[in-house]
Structures are given as C-alpha cells and as structure tokens.
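Work through the exercises below with the sequence and the 3D view at hand. Try each task before you read its solution.

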Amino acid sequence: MNTFRSRIRQSIEDQTLQTALDNNAERRLKGRAAAFESIPDWRERRQRAHAIRADVIEHLDEYLNQFIAKNEANGVIVHRAKDAAEAIQIILGITESSVSRRWNENNADDGSRRTPLLIAKSKSMVSEEIALNHALENTGIRVIETDLGEYIVQLRHERPSHIITPAAHLKKEQVAELFQEKLGIPYTTDIPTLTATARKVLREVFLTADIGFSGVNFGVAETGTTCIVTNEGNGRMVATIPPVHIALMGMERLVPNLENLSLMLSLLPRSATGQKLTVYTQLLNKPLPDQTRHLIILDNGRARLKNSPLKESLYCIRCGACLNACPVFRELSGHAYIGKDNSIAPYPGPIGSVISPGLLGENYVHLAQASSLCGACKDVCPVDIDLPK
Amino acid sequence: MTQVQLFVTCLVDSFFPKTGQAIVDIFSRLGIGVDFAREQTCCGQPQFNAGLRKDARAIAEHTIKVFERTQGDIVTPSGSCAHMFRHNYLELFDGDPAWLPRAKSLAARTFEFTEYLVDKLGVTDLGANWDGTLTYHPSCHTLRGINVDGQPRALLANVRGATVVELPHAEECCGFGGIMSVEHPELSAEWLKRKISNLEASQSPTLVVTDAGCLMHIAGGLNRQAKSQRVMHIAEVLNSL
C-alpha cells in the first residue's frame, strides 16, 4: 500500500503527465458526448447491450461451443487455454512450427533460418494480461507492436497506460524525442511526419512478419466471425499478410449474432474515441487460402468471475470510456495502478480496479479502494455496468 | 397538519445544525410539521463504503426500526443518505426475506430535500431572496446516484434577486468521496483544487450544494487557501428571506 501511495504522489507531482492526462480526458469526454448525439436512443441501446452481454455471460458455455464449432467448420484451429501459462505454451508451440516451416521453405543454407521469427502484433490487451511479449522475447522471437500508440510505448520499454490509447500519458514532445533517438529522424513535433515515419517502419514489419498476432474485439457465436476494429488498418494487415494469424480472445468477448454485433459497434467506437465507427472494421470468417489461423480462447479467471458477485464486470466491451471519465485515472494514468509486488496491473482505471484483482488476485485488491464512488464510470459505460457497486 | 420525518444526517447534526433549522423553517412556512425521531443515527454509509458490511447492516437495521415507529415521508438534506436508503440498504438486505421488505418500505418513503419540495409538493418558489450571484455544485450521489438535478436548479432559479451562473465542469467529483478523502488524501486534494479553480472561473462568490460532505470538503479547502468564496447548503439559501 505504501508503494501505491508513493506512486500516486509521483503521478500527481509529474506536471507533464498531468497535462497529458487532462488533455486526454477533455478530448475523449467531449468526443464521446458529440458522437452520442447522433444516436438519441443511446439509453435504450445501452440497456439492450447490457441485456445481450448478460445473456452471453449467463449461457457462456453454450455460446462458446457454438462459436468454436463454427470456427472449426471454417478451418480455424481453435485452442482453449485455462490460464496465462497455457496460452503462452500454445503460442510458443505455434511459433515452433512456424520456424520449422521457414526452414523447410529455405533449402539453401543461407542463414535465413537463423534470423529470429518476427511477429507483427496489433493491439491486444489480453496479451498484456498474460505478459505475452516478454515471454516471446525471452525465447529470441521479435515482436513488433503495430498500433502506433503501442509501438511508441514499446520503443520506450513501457506498458500501455490506457486500454484504448496506450500512449495517453505522453505529450507529443516526448514522442518527438523518442523518434529522434530510436528512429534517427530529426526532432519534430509535426504529427503527420511522426506518423509517416512509423508507417514506413511498420510497413516492413507487416510485409516480412512470419506471424500476425491480434486480439478479438467481438466473437460472433452464430457465424463464428471474429471482429477486429482498428483505426490504423494494422489489424487488417496482421490478419491477412503473414502466413499465420494468431487471434487471442478473452472467453467472455462474445455476442450471439451479427445484429448484436452491429449494436455493439454503434456503442464501442463512440465510447472509446468519439468516432461513429472506427476506420477499419474487419469481419473474419475463413482464413485465406494459403493462411493458417489459430484462435486461442483464454479463461485465466473468467470462469471464476462468472460465478462471483463481480460477474457484471465480464460484460465489459473494453471501450475505455470509464478511464476517461474517472477522476482517479485522470490523476494517476495507467502506470500507477500497481500491485503489492509493484507490478503494473494489466487493466487500469475503474474496470481495471475490478478485473485486475478479479482475474489476477490479492496482489491488486487495494486498487478497488482507490475510488470516491463518484459514479462517473457507470454514467459513461455503454453496457451500463455498475462499477461503483 | 401533514408531517414529514426529518432524517437529519450525522454531518448536519454535528457540523451544520443551521441547515437542519432552515429545513424546519421552510416546512413550517409551507404548513408542514416536522417530526424528529430522536434515536436516529448516521445512515451507515462510511461503513458500507469501507466494505464493513456487517457493521453497515447493523446500523441499517437500527435505522429501519427507528423509522418504522414513525409515519409519513422521510426527508433528508443529503443526496448520499437518500441514496444509501434507496439503493445500498436494498443491497445489504438482498435475499433476506425478513428484512428486504422492511428496507424497501423505508426506501419508498425517503426523499432528498429538494426532490421532495419539487416532485412531491410541487413547490419551486419558496419566496426566498438572495442578493448576489450563486452557482450550483451537484454532488455525485444527488446527480448520478438518485438522478436529482432539475429540482435544486428549479428552486434556485426562483430565488429573487439572485443571478445563477453555471459552474464549469460541475459534474466532476469534489473529492470528498466520503472515506476516500481519508484513505487517499492526495487524490482528494487534487480534485478539490480543480473544483475550487472551477468555482473561481464561475466568478460566483457563493457555491450552493445539497450535500454536507461536499460542503465541508470545499469550504475547508477555501478556508485553508484563504479564499473569499463561501459554500452554503441549499436549504439555507432557500430559507433566506
């Protein structure tokens, strides 16, 4: 608790951080409010979304079985992982067969099989939950984050500080310095220039990656569809260019059918970034002809949460609106949500203060006390989760 | 004569008795009697918020019993205590076939003060006078907890001589958060700073609140920073003739 307190003080005293957080909150809350004006029936939508998610969680096993069956019929290889360790084992198993494939494809002994495997990764908070990058890098695999915010924090050797906007704790001057140092470009705070630089680097990554890795925003049980939303198109790139695509999904992230998906998609981008729709919305069914797709469905404490008083927290669609509305998050930013062992909780903010201890235990339990119960989170939640409760 | 039961709240009882008095005066002018059940205590919110459910339940049981011996609507000068009775008591007795109905009866008779005046009595003009500018801070529990917002604003709009201005970012928590100000004083202080700077931006010398917790917190901050603005409970403004 003492380290948590000193971490709180540290955040409060960091003026650069405070400015970045204020800017984030202002921008996101205004954006969200403006976006919701275009759906005047948002209250009803929210209630419907809540009911749909409640139904899914209540009958999770049935929906999962349906989802898995459809995926397998579509030629997707489905794995179930009961915890982080198992998920990592499965992923490492897939990488090993990728290494063998590359060996077989390169007959000449030109040393190409000695180059490390490259994984192009689009944003996945559940991969943070299982500390995937660390585990992969320890075996010599190169993992490059392709979401611009994730790429930035990766270059800084940091964890994401927000579940939607990983670099929300940074000001553009810091990114300018970072790119100057790590990517060798002259110092500039011109955002199009910074973005174009990252794009050039990441282009190479997409085109040469052995494996594309993504999360899953929603799985549609009825059709076996995997839905991925991004603004940068990196989700599309990682899911279609490399010969192998691995999608990692929290087992609760399902909706029953495509119509429900459409409802969720009317709420998620508006809540997350104030957009009516993200720039790219992908609905993946069958893998491409020369592609192998693996879908890994992770439990890691979700089954236990389902049968606990914290069940409602599983309805979350990971929009991040609660983080933007929360006065605690606004002072701290994600990196200050630390456990007793000083590790950063994989999920910060109001939802994080419930599911980080909920899924990962005692270590994070004091995070739930860092709340004034002001209710701003419940107010903005598109699925009407009673987080203060 | 109709009578209401006053749930005075521990904060008003201990620190702001004038607020309680103002409520009695207002009801008296409206021809409504105010009864006061002497055995009432705190509603149990600090314990509930701290996760001490057993203690909170003991207090809730006592409160239910005290008010079962009385008749009439219960009026309280606190959105958070009203929220406690109407929401959290039901959670405390969830699944208890003996106590839940009793908790529900209590909840059904409980009103926040401005909510009672406007929604139950249909009164928005109390003939109050105030020479000066006012701005309103909605407490978290009043605004989001029990969805009361139009009512206090309507009452303030009818105060003769007063200019009511908007408080920037009014819906942001003041930082009191009940026990949060004790558990995380650094966070609490940051939000208080923001609330006070928004108050200064409003250019109003007087801030009006419905909850004594916010009152204490903001007034304390203003005092320590030697600022001239003051905080008033809405009952005292509405009682000003």
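The model is predicted: local features need pLDDT of at least 70, side-chain atom pairs count only at pLDDT 80 or more, and totals for chains, interfaces and linings use all residues. Residues are numbered from 1 along each chain as its sequence is written, while chains are lettered from A and ligands numbered from 1 in the order in which they are written.

**Exercise 1. Describe chain A as a whole.**

Step 1: take burial. Of the 389 residues in chain A, 50% are buried.

Step 2: list the secondary structure. Chain A has 17 helices and ten strands. Helices (H or I, at least four residues) and strands (E, at least two) are DSSP runs, numbered from the N terminus.

Step 3: For 389 residues a compact globule would have a value near 21 Å; chain A has 20 Å, which agrees. The C-alpha trace of chain A spans about 65 × 55 × 40 Å along its principal axes.

Step 4: look at the contacts. Two residues are in contact if their C-beta atoms, placed from the backbone, lie within 7 Å. Take the contacts in chain A between residues at least 6 apart in sequence: 75% of them join residues at least 24 apart.

**Exercise 2. Where does chain A touch chain B?**

Step 1: count. 15 residues of chain A are in contact with 15 residues of chain B.

Step 2: locate. On the side of chain A that touches chain B, α1 (2–13), α15 (327–332) and α17 (376–380) of chain A each supply at least two residues.

Step 3: classify. That side of chain A has eight nonpolar, four polar and three charged residues. Ala, Val, Leu, Ile, Met, Phe, Trp, Tyr, Cys and Pro count as nonpolar, Asp, Glu, Lys and Arg as charged, and the others, Gly among them, as polar.

**Exercise 3. How does α2(A) pack on α12(A)?**

Step 1: find the geometry. The axes of helix α2 (residues 15–36) of chain A and α12(A) come within 6 Å and cross at roughly 150°. Axes are lines fitted to C-alpha atoms, for helices over the stretch in contact, and angles run from 0 to 180 degrees between N-to-C directions.

Step 2: name the arrangement. The angle makes α2(A) roughly antiparallel to α12(A). Angles under 35 degrees count as roughly parallel, over 145 as roughly antiparallel, 65 to 115 as roughly perpendicular and the rest as oblique.

Step 3: name the residues. A:Gly31, A:Arg32, A:Ala35 and A:Phe36 of α2(A) meet A:Arg270, A:Ser271 and A:Thr273 of α12(A).

**Exercise 4. Is B:Thr19 buried or exposed?**

Step 1: B:Thr19 lies in helix α2 (residues 17–29) of chain B.

Step 2: B:Thr19 has 24 C-beta neighbours inside 10 Å, so it counts as buried.

Notes: The radius of gyration is taken over C-alpha atoms; the globule rule is 2.2 Å times the number of residues to the power 0.38. A residue is buried if 20 or more other C-beta atoms lie within 10 Å of its own, exposed if 12 or fewer, and partly exposed in between; C-beta atoms are placed from the backbone.
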